[in-house]
Amino acid sequence: METADCVVIGAGVIGLAVARALALAGREVIVLEAHDCIGSEISSRNSEVIHAGIYYPGGSLKARFCVAGREQLYAYCDQRSVPYARCGKLIVATEEQQRPQLRGILEKARNNGVGDIVELDKDEIRRREPEIRCVAALWSPSTGIIDSHGYMLALQADLENAGGIVVFNSKVLAGSTSGGSLQLSVATDGDNFELAAHTVINCAGLGGDRLARAIDGIDRATLPAYSYARGNYFTYAGKSPFSSLIYPVPNEYGLGVHVTHDLAGNLRFGPDVEWIDRIDYAVDPRRGDQFYDAIRSYWPDLADGSLLPAYSGIRPKINGEGLPAADFRIQQQDEHGVPGLVNLFGIESPGLTSSLALADYVSSLPACR
Ligand SMILES: Cc1cc2nc3c(=O)[nH]c(=O)nc-3n(C[C@H](O)[C@H](O)[C@H](O)COP(=O)(O)OP(=O)(O)OC[C@H]3O[C@@H](n4cnc5c(N)ncnc54)[C@H](O)[C@@H]3O)c2cc1C
């Protein structure tokens with residue numbers, strides 16, 4: 001039986017950020033990752049937006065970690081030369097009846113500590129984004145985009161410089177407690193092995209609920225069973241007419257089909273919300289029809305045939321279809337009953353933006369000290 005001080009399960013952006021924070025705090029850290037590279041699931045299938053922290057319910061972990069994490073992330077990108085752009089975003093109301101929603105968003109943002117968000121008048125909207133049709137808009141200057149893979153590579157480098165390691169092709173199958181430590185059964189390409197650790201952080205993304213269920217002695221009644229909500233993206237086959245990100249007012253499931261671009265200037269639209277019952281990343285080209293309708297509500301000149309199916313990402317939803325979005329859930333022994341184990345559940349958007357703040361929080365929990 002191998003032993004370790006601290007094991008982080010999953011090398012997505014959350015696992016890497018948590019592992020880095022623990023290693024910088026002086027812990028000996030091993031990250032176990034099922035795939036052969038970092039960030040190959042949710043963390044490489046998102047919008048790469050640094051969110052300001054506008055929409056989340058007051059007092060939620062999402063609001064708190066997004067607002068704090070965003071500033072930490074910009075500072076980290078500067079320090080570690082991770083490419084990003086603070087391009088700002090417009091939130092547009094396309095119908096008069098959406099004005100109260102826009103005012104509600106402004107109020108919520110300010111309550112969350114997003115102090116720089118402002119309403120724009122028509123001239124200012126036209127000056128910034130002449131192609132956009134809307135009746136009113138908010139401007140968020142602290143929203144941006146990031147090279148998320150460059151960010152994860154920087155986190156991995158920090159972890160390794162602090163003495164931590166990432167072990168690839170190592171899937172944790174199950175766990176049990178014995179003699180004050182948590183013993184993990186790990187499947188590899190070759191022989192399987194057992195690893196005992198004092199502290200285990202479950203950052204397994206879409207697999208996090210299943211993994212927690214496979215730990216002996218855990219109180220299963222406290223565990224979520226994820227619903228999967230796929231977010232599909234379409235790319236635009238042409239030159240982008242926009243300089244900022246454009247978001248409609250959000251709907252009950254998500255932020256609506258919005259405009260983002262990557263750092264190379266490629267324009268993409270999405271994600272939408274499609275409830276699915278198993279992990280499957282295929283984008284159905286027929287969903288394009290709904291994209292044209294949604295986008296033309298704020299960009300009427302979108303030409304027929306200009307959208308191409310691109311990629312998708314899957315959200316690990318604690319609450320299923322028809323229910324309000326749940327907060328991030330960070331579960332400790334007092335809830336699930338297993339000493340030394342911390343579960344991170346439902347780390348959907350704004351997880352990328354929140355990662356550094358969330359990692360600081362997790363590394364300060366009693367199980368991690
Ligand atoms: C469509 C979409 C758009 C998004 N857009 C944004 C955005 O613009 N801005 C933002 O801030 N956030 C965004 N998010 C959220 C953000 O991408 C996630 O919060 C974040 O990437 C989650 O990272 P993670 O490390 O928890 O999960 P993952 O990146 O999925 O990492 C989990 C890792 O655990 C590994 N694993 C799983 N099970 C095991 C096991 N048993 N043993 C070992 N390893 C295991 C997996 O292989 C994986 O590598 C978006 C999410 C989605 C789905």
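Student: Why is asparagine 169 called partly exposed?
Tutor: This is a predicted model, and in it the relative accessible area of asparagine 169 is 28%. Buried needs under 20% and exposed needs over 50%, so 28% falls in between and the residue is partly exposed.

Student: And where does asparagine 169 sit?
Tutor: In the loop between strand 9 and strand 10, which covers residues 171–178.

Student: What makes the phi of asparagine 169 worth a look?
Tutor: Its phi is positive, about 55°, although asparagine 169 is not a glycine. Most residues other than glycine have a negative phi. Glutamate 48 is another case: not a glycine, yet with a positive phi of about 55°.

Student: Why does glutamate 48 count as buried?
Tutor: Its relative accessibility is 17%. The cut-off for buried is under 20%, so glutamate 48 makes it into that class. You'll find glutamate 48 in the loop between strand 2 (29–32) and strand 3 (49–50).

Student: What makes valine 166 buried?
Tutor: Do the check again: 11% relative accessible area against a limit of under 20%, so valine 166 is buried. Valine 166 belongs to strand 9, residues 165–167. With neighbours within four places in sequence set aside, its contacts include Ala11, Leu16, Val31 and Glu33.

Student: Why is leucine 24 called exposed?
Tutor: Exposed means over 50%, and leucine 24 has a relative accessible area of 52%, so it passes. Leucine 24 is in helix 1. From leucine 24 to asparagine 161 is 137 residues along the sequence, but 9.2 Å in space between C-alpha atoms.

Student: How does helix 1 pack with helix 9?
Tutor: Helix 1 (residues 13–24) and helix 9 (residues 351–363) meet at an angle of about 35°, with axes 8 Å apart. Their crossing is right-handed. Among the residues making the contact are Val13, Ile14 and Ala17 of helix 1, and Gly351, Leu352 and Ser355 of helix 9. By type, the contact residues split into eleven nonpolar, three polar and two charged.

Student: Which value goes with calling the bond between glycine 270 and proline 271 cis?
Tutor: Omega, at about -5°. Proline 271 is in the loop between strand 16 (267–270) and strand 17 (274–276). The bond from serine 349 to proline 350 is cis too, with omega near 10°. Proline 350 is in the loop between strand 20 (341–345) and helix 9. In general, most peptide bonds are trans.

Student: Now the whole protein. How many helices and strands are there?
Tutor: Nine helices and 20 strands.

Methods. Residues are numbered from 1 along each chain as its sequence is written. This is a predicted model: local features need pLDDT of at least 70, side-chain atom pairs count only at pLDDT 80 or more; totals for chains, interfaces and linings use all residues. Side-chain values use heavy atoms; hydrogens and water are left out. Axes are lines fitted to C-alpha atoms, for helices over the stretch in contact, and angles run from 0 to 180 degrees between N-to-C directions. Helices (H or I, at least four residues) and strands (E, at least two) are DSSP runs, numbered from the N terminus. A crossing is left-handed if the near helix is turned anticlockwise from the far one by less than a right angle, and right-handed if clockwise. Contact means heavy atoms within 4.5 Å. Ala, Val, Leu, Ile, Met, Phe, Trp, Tyr, Cys and Pro count as nonpolar, Asp, Glu, Lys and Arg as charged, and the others, Gly among them, as polar. Buried means under 20% relative accessible area, exposed over 50%, partly exposed in between (1.4 Å probe, protein chains only).
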